[in-house]
Amino acid sequence: MSDTVIVAIISFLGTLLGAYIANRKSAAIMEYRLEQLEKKVDKHNTVIERTYALEKRAEVFEEKIKVANKRILDLEEENRER
């Protein structure tokens, strides 16, 4: 084999190896970033769930306040009649 063919083969193998290593590094970085994004999404989802539960509790408390206000008004009217 001539020297140019050997140099070309070595260059080709070096290029393949370099591309393979760069691709693995890139895939590892993307995997890490995807994991971080999944953690953020999970955290966001728990906040949404907690907010929904708080809104339900707020509705219950608002209803209780309405009932209490109605009872107070009834008691005041009853007191006025006496």
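How far apart are the mean positions of the 15 positive and 15 negative charges of the protein chain? They lie 4 Å apart, where Lys and Arg count as positive and Asp and Glu as negative, with His and the chain ends not counted, and where the place of a charge is taken as NZ of Lys, CZ of Arg, CG of Asp or CD of Glu. This is a predicted model, in which local features need pLDDT of at least 70 and side-chain atom pairs count only at pLDDT 80 or more, while totals for chains, interfaces and linings use all residues. Residues are numbered from 1 along each chain as its sequence is written, and side-chain values use heavy atoms, with hydrogens and water left out.

**Overall form**
- The secondary structure of the protein chain comes to one helix and zero strands (helices, H or I of at least four residues, and strands, E of at least two, are DSSP runs numbered from the N terminus).
- With a radius of gyration of 35 Å, well over the 12 Å that the globule rule gives for 82 residues, the protein chain is more spread out than a compact globule; the radius is taken over C-alpha atoms, and the rule is 2.2 Å times the number of residues to the power 0.38.
- Along the principal axes, the C-alpha atoms fill a box of roughly 120 × 10 × 10 Å.
- Phenylalanine 61, which lies in helix H1, is 51 residues from isoleucine 10 in sequence and 76 Å from it in space, C-alpha to C-alpha.

**Exposure**
- Of the 82 residues, 0% count as buried, a class that means under 20% relative accessible area, whereas exposed means over 50% and partly exposed lies in between (1.4 Å probe, protein chains only).
- The protein chain exposes about 8,200 Å², of which carbon and sulfur atoms supply 61%; accessible areas come from the Shrake-Rupley method with a 1.4 Å probe, and for residues only the protein chains shown count as cover.
- Phenylalanine 61 is partly exposed, its relative accessible area being 44%.

**Charged side chains**
- One salt bridge is found in a search of the whole structure, the term requiring a side-chain nitrogen of Lys or Arg within 4 Å of a carboxyl oxygen of Asp or Glu.
- Lysine 70 and aspartate 74 meet in a salt bridge through their side chains (3.3 Å, N to O), and both residues lie in helix H1, four residues apart, about one turn of the helix.
- Lysine 70 is partly exposed at 49% relative accessible area, and aspartate 74 is partly exposed at 35%.
- A surface patch of negative charge gathers Glu31, Glu35, Glu38 and Asp42; patches are made of residues with over 30% relative accessible area and no salt bridge, like charges being joined within 9 Å and nonpolar side chains (Val, Leu, Ile, Met, Phe, Trp, Tyr) within 5 Å.
- Glutamate 35 has its place in helix H1 (residues 3-81) and counts as partly exposed at 37% relative accessibility.
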